[in-house]
Amino acid sequence: MKSKFTSLAAIAICCLLTQFSDAQVASKKDAMTLNAQEYLEYKGVNVMLAHDFYPEGHQGGVGVIQNGQRVATNGDIRLEPTPGQWSPTPKVGKRVVNRATGEVSVRMEFPNPEMNRHGFNPIIYPDLNFAYNIRVLPVGKAFKIIVDLDKPLPDGWIGKMGFNIELYPGILFGKSYYMDKQFGIFPQQANGQTYTDAEGEIQVTPMAEGKSLTISPETALQQMTIQNLSSGNLQLLDGRAKHNNGWFVVRSLIAKGASKNAIEWLVTPNAVDGWQSEPVVQVSQVGYHPAQQKIAVIELDKNDRRVLPVSLLRINEKGGLETALKVIPTNWGDFLRYHYLQFDFTKITRSGMYVVKYGNYQTEPFQISADVFKNDVWQPTLSYFLPIQMCHMRVNEKYRVWHGLCHMDDARMAPIDSNHFDGYIQGHSTLNKYKPGDNVPFLDRGAWHDAGDFDLRVESQAETVHGLTLAYEAFDVKYDNTTIDQKNHTVEIHQPDGKPDMLQQIEHGLLAITGGYQAMGRFYRGVIEPTIRQYTILGDAANITDNKPFVTKATNIDPILKTPAAADDRWVFTEDNPGRSLETAASLAAASRVMMGYNDTLSSQCLQIAKEVWKNTPDQTLRHRIALAVELFITTKDKTYSDYLLNNTDAIANSIDNTGWLVGRTMPLINDANYHAKITEAVKKLYAKIQEQGKKTPYGVPYEPNIWGAGWGIQNFGYKQYFLYAGFPSVFSGTYMLNAIDFVLGCHPGSNTASFVSGVGSRSMTTAYGFNRADRSYIPGGITSGTALIRPDFPELLNWPYLWQQGEYVLGGGTTDYLFLVLAADHVLNKK
């Protein structure tokens with residue numbers, strides 16, 4: 001009996017233990033856990049801590065991705081209720097992970113010397129010396145945020161320092177909230193009352209205050225509750241009332257005397273049962289040439305291992321859809337947080353409009369046509385974006401004025417020993433005959449505004465000139481759709497004037513570069529607004545200055561108000577940077593070729609300056625000197641420059657990643673067996689490396705996502721691929737160049753498959769970071785930075801105008817690389 005009883009008891013205990021173990025497993029599955037990427041995860045909810053630190057760009061601190069959408073970020077101690085771009089931020093220490101408890105922590109410190117070193121943060125708090133730890137830990141389906149201070153706050157900081165987390169506005173407009181017994185909606189515009197605090201700073205009155213906030217309770221995908229378990233209340237603030245690019249902010253203050261658990265929040269993001277990201281099919285939003293490789297990429301949730309049939313459907317001329325191809329897609333594998341399939345429809349060559357359908361997802365229409373890159377793809381960049389970015393001009397488009405005549409008071413010499421808040425540095429000397437505050441002539445002409453900012457970076461001007469020059473030479477672009485009147489400083493879009501637009505744009509860029517050199521005997525570093533107030537102006541550039549040069553130690557009168565005028569002129573900075581000088585001179589050496597016969601005087605000036613820079617600039621920057629040698633040799637055929645290339649054959653071969661695309665154009669012009677052999681061998685190794693890198697992603701291009709969108713880098717990669725293909729046709733193919741185009745035009749990671757080029761393709765980035773971003777609009781032909789990475793593994797491209805790392809337009813390679821790339825694709829695919 002004893003033996004039988006013991007056996008029965010043992011069985012019962014085993015059953016109980018099994019049930020308990022199963023309950024534990026079930027409990028773990030139904031709760032937040034720490035994953036291999038070192039962030040908390042529960043169903044479709046992810047909680048990151050300090051994987052990113054880019055608070056100015058709304059990335060960093062505690063962040064929450066909820067059901068496929070980043071909903072909150074920048075959870076951290078801040079000194080202001082609604083911080084802006086130059087607000088103080090802490091120094092980030094090492095992230096510590098406790099796998100046993102699932103807790104993640106990071107140490108933070110004020111002040112942060114990194115923020116002030118480059119002039120990005122003019123606000124310094126020398127009396128604040130303060131450190132703390134942020135901890136994030138799982139609590140069932142929720143998580144806690146706990147802040148432990150090393151010591152209590154000084155009395156002077158009580159009521160000022162608190163814990164903030166920012167809520168992404170783009171998904172909240174019109175949604176509701178509850179704060180204890182208060183409630184309301186998230187408004188489209190900032191409606192909150194502002195006030196002046198005791199220190200004279202403008203602050204924002206909270207939308208609501210209380211212990212518990214529920215966000216969007218009516219929307220299962222976005223519902224989230226934040227409870228303050230420490231002393232004091234939560235505040236809900238609208239950061240846009242103080243900064244146009246602000247987000248909604250949830251904040252609680254640190255109490256007097258608090259240290260351990262000074263901040264303790266319980267955050268419960270609603271995790272939808274069974275949620276998975278929906279399948280997305282990524283294609284070029286423009287389309288494909290019949291001879292082009294055509295691969296659609298299908299992005300799936302990491303847990304979605306179904307492989308459904310995929311169809312290419314042709315849009316019938318008489319209406320409806322007809323199946324052109326239906327297959328089971330190829331399993332590519334995992335990349336970042338997603339699983340990928342590929343659908344190869346290269347064999348379909350019939351012209352027409354098509355869509356791809358996978359499950360319930362259907363793409364926007366795109367074309368297959370031999371003329372796919374001929375019209376409406378590169379033209380918006382040349383006929384809209386570049387004219388609209390032109391400085392020192394009034395830019396009209398029929399009834400619309402994109403911007404008025406601007407910056408005709410350029411420019412005053414920058415103060416010495418100055419560190420500008422946007423990174424320009426003027427050293428102990430002006431490096432030319434002009435003293436600080438002097439008016440520097442010949443800078444009130446030419447140049448393009450650098451995207452969302454209005455500054456003129458010399459490298460951006462030079463890159464734009466160089467790219468346009470090489471495009472004009474290679475493809476003989478006589479396109480004319482714009483009137484550019486340099487004498488009267490006016491531009492008329494959609495009004496031809498009988499001159500090639502590309503040559504007129506090259507001339508416009510050169511006027512500023514050569515003008516600065518003529519005045520100062522060197523290239524300028526940059527021309528930029530002297531104050532943050534001017535720098536941050538949105539809208540018409542004509543509102544930044546009064547267009548009348550300010551004269552130091554003179555009576556200056558506002559031309560309209562007839563009152564004393566402010567010193568509002570932009571500053572011009574100089575620098576001793578041999579590499580940048582050589583790079584700029586290479587652009588001039590190339591441009592002198594296409595200006596010959598169009599503006600002979602400017603052509604001669606360009607060549608003369610390029611030769612002077614060659615002669616007077618040290619040899620320490622090999623890559624840039626090689627670029628200048630290539631352009632001077634092609635322009636002049638002078639043996640001096642070919643001898644330099646021959647004497648540096650080994651150096652060129654050893655840095656082929658940077659030099660290969662440059663020297664390819666010299667191969668037909670230099671008859672030297674050693675030169676050809678060594679460079680060709682190096683190029684073969686480069687191509688093998690590119691092939692290997694291209695296999696690492698489903699997009700067929702070398703792509704390592706970063707905190708900034710990768711669009712410009714991939715464009716530049718494709719741009720260089722054309723020259724490698726043209727210079728070494730027996731080694732390189734056009735495949736990677738064309739893959740780069742597909743990536744930029746829509747075949748890239750993330751659910752937003754839009755073309756990075758505004759107004760180009762069926763779906764494009766029509767909310768972007770240009771000077772008109774406050775209108776949530778776009779500039780046709782502007783190329784955005786594109787999909788960025790929320791570290792460690794979330795690709796993101798938000799429909800939001802204030803994220804420069806995703807939606808900004810830039811001059812230079814960001815513009816001309818794209819324009820060149822599309823012209824090159826059309827040329828390669830249609831050559832006889």
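Does tryptophan 712 count as buried or exposed, and at what relative accessibility? That one is picked up in point 4; a few notes on the whole protein come before it.

1. Keep in mind that this is a predicted model. Its secondary structure comes to 17 helices and 42 strands. The radius of gyration is 30 Å, close to the 28 Å that the globule rule gives for 832 residues, so the protein is as compact as a globular protein of that length. Along the principal axes, the C-alpha trace spans about 110 × 70 × 55 Å.

2. Among contacts with a separation of 6 or more, 68% come from residues 24 or more positions apart. The accessible surface is about 33,500 Å², and carbon and sulfur atoms hold 51% of that. As for charge, there are 78 positive and 84 negative ones, and their mean positions are 5 Å apart.

3. Now the aromatics, with 46 pairs in the structure. Take tyrosine 517 and phenylalanine 523: their pair is tilted, at 5.1 Å centre to centre and 50° between the planes. Both tyrosine 517 and phenylalanine 523 are buried.

4. Tryptophan 708 and tryptophan 712 make another tilted pair, with 6.1 Å centre to centre and 45° between the planes. Back to the opening question: tryptophan 712 has 17% relative accessibility, and buried means under 20%, so tryptophan 712 counts as buried.

5. One aromatic cluster is worth a look on screen: Tyr168, Phe173, Tyr177, Phe186, Trp247, Phe248, Trp800 and Tyr802 form it together.

Technical notes. Residues are numbered from 1 along each chain as its sequence is written. This is a predicted model: local features need pLDDT of at least 70, side-chain atom pairs count only at pLDDT 80 or more; totals for chains, interfaces and linings use all residues. Side-chain values use heavy atoms; hydrogens and water are left out. Helices (H or I, at least four residues) and strands (E, at least two) are DSSP runs, numbered from the N terminus. The radius of gyration is taken over C-alpha atoms; the globule rule is 2.2 Å times the number of residues to the power 0.38. Contact means heavy atoms within 4.5 Å. Accessible areas come from the Shrake-Rupley method with a 1.4 Å probe; for residues, only the protein chains shown count as cover. Lys and Arg count as positive and Asp and Glu as negative; His and the chain ends are not counted. The place of a charge is taken as NZ of Lys, CZ of Arg, CG of Asp or CD of Glu. Rings of Phe, Tyr and Trp (its six-membered ring) pair if their centres lie within 6.5 Å; planes under 30 degrees apart count as stacked, over 60 as edge-to-face and the rest as tilted. Buried means under 20% relative accessible area, exposed over 50%, partly exposed in between (1.4 Å probe, protein chains only).
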